[in-house]
Amino acid sequence: MIDIGANLTNRVFDSDRDAIMERAARAGVKACIVTGTCVRTSRAAAKLCDSDHTKTLWFTAGVHPHNAKQCNSGTIRALRELAAHPRCVAIGECGLDFNRDFSPRPIQEQWFHAQIDLAKELGKPLFLHCRDAEARFKAILGSGKVTGVVHCFTGRQEDLDAYLHAGLHIGITGWVADERRGQGLARLLPRIPADRLLIETDCPYLTPRTVPNGPRRNEPSLLPYVLAAVAKARSEAPETTAAQTTANARRLFGIT
């Protein structure tokens, strides 16, 4: 399995990051993509990959919509430099978040456009975030001619269909394993073509509720619980889902 979204630069992992990666390997997680959410965390992700002797870590470089208000004239230049790192596989996390509006909406849109342009320039996929902003998100992407993944998808059927029509991949997290709020998502999973499906933990967030005595902190070793919920929703053997999502991640992100 490949965890396509892991916030491993988060400070909650500072005390035991090596042990976390050892547990992930034992759980069958062959690679993790470390999510960059601003220039600082993208640089931290690159540094983490530089220190990764097992060569199982990759990273994204981008600015999350929450952090868009921090962008300045040097932001895209910094992301372009980070994208030249051999283990940078995507631009993002970028997109729109109208749920919390931590950054003003026009500013979010400005820097979303800028990162789409950068991804096109560099020929890299996008690692995309959308929350309560589907209409503007789809309008900005347009017919797009972009590649990438809508990470942590929890939306409606019409949103899913639009993203698939645009050629995007769909990232599924432990949300699907939540019996309180994941039922609608589970019903949509059979609509995702096998070659567009990806799985992720989004750790340390969204711990699958199917984990026995589940910890508050999610981590890559819990990806099998996401896999199991996805496979169940799609009426597939977990081995089939694991093989397909791993192949998809390798193809989309160029992971060898």
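Mentor: Let us begin with accessibility: buried means under 20% relative accessible area, exposed over 50%, and partly exposed in between, with a 1.4 Å probe and protein chains only. By that scale Arg 180 is exposed, with a relative accessible area of 56%. This is a predicted model, in which local features need pLDDT of at least 70 and side-chain atom pairs count only at pLDDT 80 or more, while totals for chains, interfaces and linings use all residues. Residues are numbered from 1 along each chain as its sequence is written, and side-chain values use heavy atoms, with hydrogens and water left out.

Trainee: With which residue does Arg 180 meet in a salt bridge?

Mentor: A salt bridge is a side-chain nitrogen of Lys or Arg within 4 Å of a carboxyl oxygen of Asp or Glu. The partner of Arg 180 is Asp 178, at 2.7 Å from N to O. Asp 178 is buried, its relative accessible area being 5%.

Trainee: How many salt bridges does the structure hold?

Mentor: There are 17. One of them joins Arg 80 to Glu 121, with the closest N and O atoms 2.9 Å apart. Arg 80 lies in helix H3 (residues 75–83) and Glu 121 in helix H4 (residues 105–122), so this pair ties together parts that are 41 residues apart in sequence. Both count as partly exposed, Arg 80 at 34% relative accessibility and Glu 121 at 48%. Another links Arg 217 and Glu 219 at 3.3 Å, N to O; here Arg 217 is partly exposed at 22%, whereas Glu 219 is buried at 8%. Furthermore, salt bridges with shared partners connect Asp 178, Glu 179, Arg 180, Arg 181 and Arg 209 in one network.

Trainee: What joins strand E1 to strand E2?

Mentor: Two strands pair if DSSP finds at least two bridges between them. E1 and E2 (residues 31–34) run parallel and are joined by three bridges; in E2, Ala 31 is the bridge partner of Ile 2. From E1 the chain passes through helix H1 (residues 17–26) to E2 in a right-handed β-α-β crossover. Right-handed means that, with the strands pointing away from the viewer, the path from the first strand over the helix to the second runs clockwise. In E1 (residues 2–6), five of its five residues are buried.

Trainee: How many disulfides does the structure hold?

Mentor: A disulfide is a pair of cysteine sulfur atoms within 2.5 Å. The structure holds zero. The sulfur of Cys 88 is 8.8 Å from the closest cysteine sulfur, in Cys 49, which is too far for a bond. Cys 94 is likewise in no disulfide, as the nearest cysteine sulfur, in Cys 71, is 10 Å away. Cys 88 is buried at 3% relative accessible area, and Cys 94 is buried at 0%.

How values were computed:
Helices (H or I, at least four residues) and strands (E, at least two) are DSSP runs, numbered from the N terminus.
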